Amino acid sequence: MKLKLQTGSLLGDWFPFANNFRISAGAMFNRNKFSMKGQPTGGTFTINGTTYPASDVGSFERPGGFQQGGALHRIGYGRPINSGLSLIFDLGVMSQGSPKSKST
């Protein structure tokens, strides 16, 4: 399996307590993709109650991906400063939908 991760986001931050705690929401642009290749060797496979030898199954290749856009929500603590060291923590959820596979 190959996995290619390409995701970008556009977020807005809200600091509700006038300190370093923040709530963020926005959109993410998703170009995450994957591809799978398979070649069975030896043995047999049972599919829907029918048994097949590995030589009858053959090989497969399936590309796939996810939705191209979605919502992003997160909470965090910390604020970048102009110079020096910053320590920032974030916890978030990204909605990219279920993976979709295409036949080749």
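The chain exposes about 7,900 Å² of surface, and carbon and sulfur atoms supply 57% of that (accessible areas come from the Shrake-Rupley method with a 1.4 Å probe, and for residues only the protein chains shown count as cover). Keep in mind that this is a predicted model: local features need pLDDT of at least 70, side-chain atom pairs count only at pLDDT 80 or more, and totals for chains, interfaces and linings use all residues. Residues are numbered from 1 along each chain as its sequence is written, and side-chain values use heavy atoms, leaving out hydrogens and water.

Here are some whole-chain values.

| Property of the chain | Value |
|---|---|
| Radius of gyration (over C-alpha atoms) | 22 Å |

A compact globule of 104 residues would have a radius of gyration near 13 Å, by the rule of 2.2 Å times the number of residues to the power 0.38. Buried residues (under 20% relative accessible area) make up 14% of the 104 residues.

Now for the fold. You'll find 1 helix and 10 strands (DSSP runs, H or I of at least four residues for helices and E of at least two for strands, numbered from the N terminus). An open sheet runs in the order β1-β4-β7-β10, with antiparallel pairing of its 4 strands (a pair needs at least two DSSP bridges). β1 (2–4) and β10 (100–101) sit at the edges with a single partner strand each, so one side of each has no neighbour in the sheet. β7 (residues 60–65) pairs with β10 over 2 bridges, and Gly64 has Ser101 in β10 as its bridge partner.

Conventions. Buried < 20%, exposed > 50% of the residue type's maximum accessible area, 1.4 Å probe, protein only.
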